[in-house]
Amino acid sequence: MDKLVSSWYKDQSLPESYIFPPHERPGKLLVPRCNTVPVIDLGDTRTNLVHQILKASQEFGLFQVVNHGVPPNIMSETMSVFHKFFELPAEDKASLTVHTNDPKRCKLVTSTLDYDREKIHLWRDVLRHPCHPDCIEFWPQKPLRYREVVAACSIEAKKLGLQILELLCEGVGIEHGYFEHELTEDLLLGANHYPPCPDPSLTLGIPKHFDPDILTILLQEHISGLQVLKDGEWIGVKPIPNAFVVNIGYILQVISNNKLKGAEHRVVTNSSDHRISVVFCMNPAGDSNIEPAKSVVTATNPPLCRVFQFKEFMDNFYSMDGDADLALQPFKL
């Protein structure tokens, strides 16, 4: 438990092991919370939605959705339950920090699961667990309503993700139902806690990366921290009440044969506020075959890679320190 940032952040200056190389640091320049990140009203007509989501996915790889049908009380209760979780005394979280290779188990760590191997640590604590019903018995028992609330939100997040994928399929020209089964079989939750940081200019909550999944559904609160890279410039994603942020995952970029763009993004810290975000990552089953959809491959737009299994890509992704482009390299044609 002594490794968790939240257990010692008040007691010392920023440790050397959390300081990024100069070219990766966010620095002290203010990044504007930009209003140009697309906000899509899912109550619009289907024709408009297909056009707007496709445009946002090609230009930004990231957008926000409102009027999405997820009850506001489920969203607020989810954020509340994670605030309560991270505020629990150390003894109530101790069992979750024990190292295990069991994929069904919850894991609470600082930085990443590779803390002991990595050269630089991330300024965050993160709770991860799968959202499959078979795994609920391994979820935290505290706070009291954790399992009930998180189960309800995970069901809504997956439903929302499938709705967005259907709209994207229509826009790109992929057949109806393409993502309904094994390609979105595994829903993984990550709850990030970013405590106040002694020097936010020197470290990061999460460095620049692509999400190595199909789609990421993010619930964030009113405190800024998420930034997306657009035309070589970092843009702050302004929090909007009762909105979800949607990231196009790298695997979806592959399946669309580069018709859709994965969002390269990062998370910065701040010196005054605790920030919590909850992500639902829609992943294929490990043995799923990944390849560009046949309907988007033509003589003038040949496949960018051969077929591969998702678990092969993820093995490469972790061995390449989270570089999705390098992870895909062995499969490129």
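Which residue forms a salt bridge with Glu77? In this predicted model, the partner of Glu77 is Arg145, and the closest N and O atoms of the pair are 3.7 Å apart. Because Arg145 lies in the loop between S5 and H4 while Glu77 belongs to helix H2 (residues 72-86), the pair ties together parts that are 68 residues apart in sequence. Both residues are partly exposed: the relative accessible area is 37% for Arg145 and 30% for Glu77. Salt bridges with shared partners join Glu77, Arg145 and Glu148 into one network.

The overall dimensions of the protein were examined next. The chain has 333 residues, for which a compact globule would have a radius of gyration near 20 Å; the value for the protein is 19 Å, which agrees. Taken along the principal axes, the C-alpha atoms fill a box of roughly 60 × 45 × 40 Å. Seven helices and 15 strands are present, and 54% of the 333 residues count as buried.

A search of the whole structure finds 13 salt bridges, including the one between Arg145 and Glu77. Another of these is formed by Lys142 and Asp92, whose side chains meet at 3.3 Å, N to O. This pair links distant parts of the chain, with Lys142 in the loop between S5 and H4 and Asp92 in helix H3 (residues 90-93), 50 residues apart. Lys142 is partly exposed, with a relative accessible area of 44%, and Asp92 is partly exposed as well, at 29%. Lys55 counts as partly exposed at 41% relative accessibility, and Glu59 counts as partly exposed at 35%.

Several backbone features fall in loops. The peptide bond that runs from Lys142 to Pro143 is cis, with omega near -5°. Pro143 is found in the loop between strand S5 (125-130) and helix H4 (146-172), the loop that also holds Arg145 and Lys142. Asn242 is not a glycine but has a positive phi of about 60°; the residue is situated in the loop between strand S10 (233-237) and strand S11 (244-248). For Asn257, also a residue other than glycine, phi is positive and near 55°. The loop containing Asn257 runs between helix H5 (250-255) and strand S12 (265-267). Asn242 is partly exposed, with a relative accessible area of 43%, whereas Asn257, at 4% relative accessibility, counts as buried, so the value for Asn257 falls under the 20% limit.

Gly43 occupies the loop between strand S2 (39-41) and helix H1 (46-59). With 60% relative accessibility, Gly43 counts as exposed, because the limit for this class is over 50%. Gly43 and Lys3 are 40 residues apart in sequence, and their C-alpha atoms are 45 Å apart in space.

On the surface, a patch of negative charge is made up of Glu182, Glu185, Asp186 and Asp287. Of these residues, Asp186 lies in strand S6 (residues 186-194) and is partly exposed, with a relative accessible area of 34%.

Conventions. Residues are numbered from 1 along each chain as its sequence is written. This is a predicted model: local features need pLDDT of at least 70, side-chain atom pairs count only at pLDDT 80 or more; totals for chains, interfaces and linings use all residues. Side-chain values use heavy atoms; hydrogens and water are left out. Patches are made of residues with over 30% relative accessible area and no salt bridge: like charges are joined within 9 Å, nonpolar side chains (Val, Leu, Ile, Met, Phe, Trp, Tyr) within 5 Å. Accessible areas come from the Shrake-Rupley method with a 1.4 Å probe; for residues, only the protein chains shown count as cover. A salt bridge is a side-chain nitrogen of Lys or Arg within 4 Å of a carboxyl oxygen of Asp or Glu. Lys and Arg count as positive and Asp and Glu as negative; His and the chain ends are not counted. The place of a charge is taken as NZ of Lys, CZ of Arg, CG of Asp or CD of Glu. Helices (H or I, at least four residues) and strands (E, at least two) are DSSP runs, numbered from the N terminus. Buried means under 20% relative accessible area, exposed over 50%, partly exposed in between (1.4 Å probe, protein chains only). The radius of gyration is taken over C-alpha atoms; the globule rule is 2.2 Å times the number of residues to the power 0.38.
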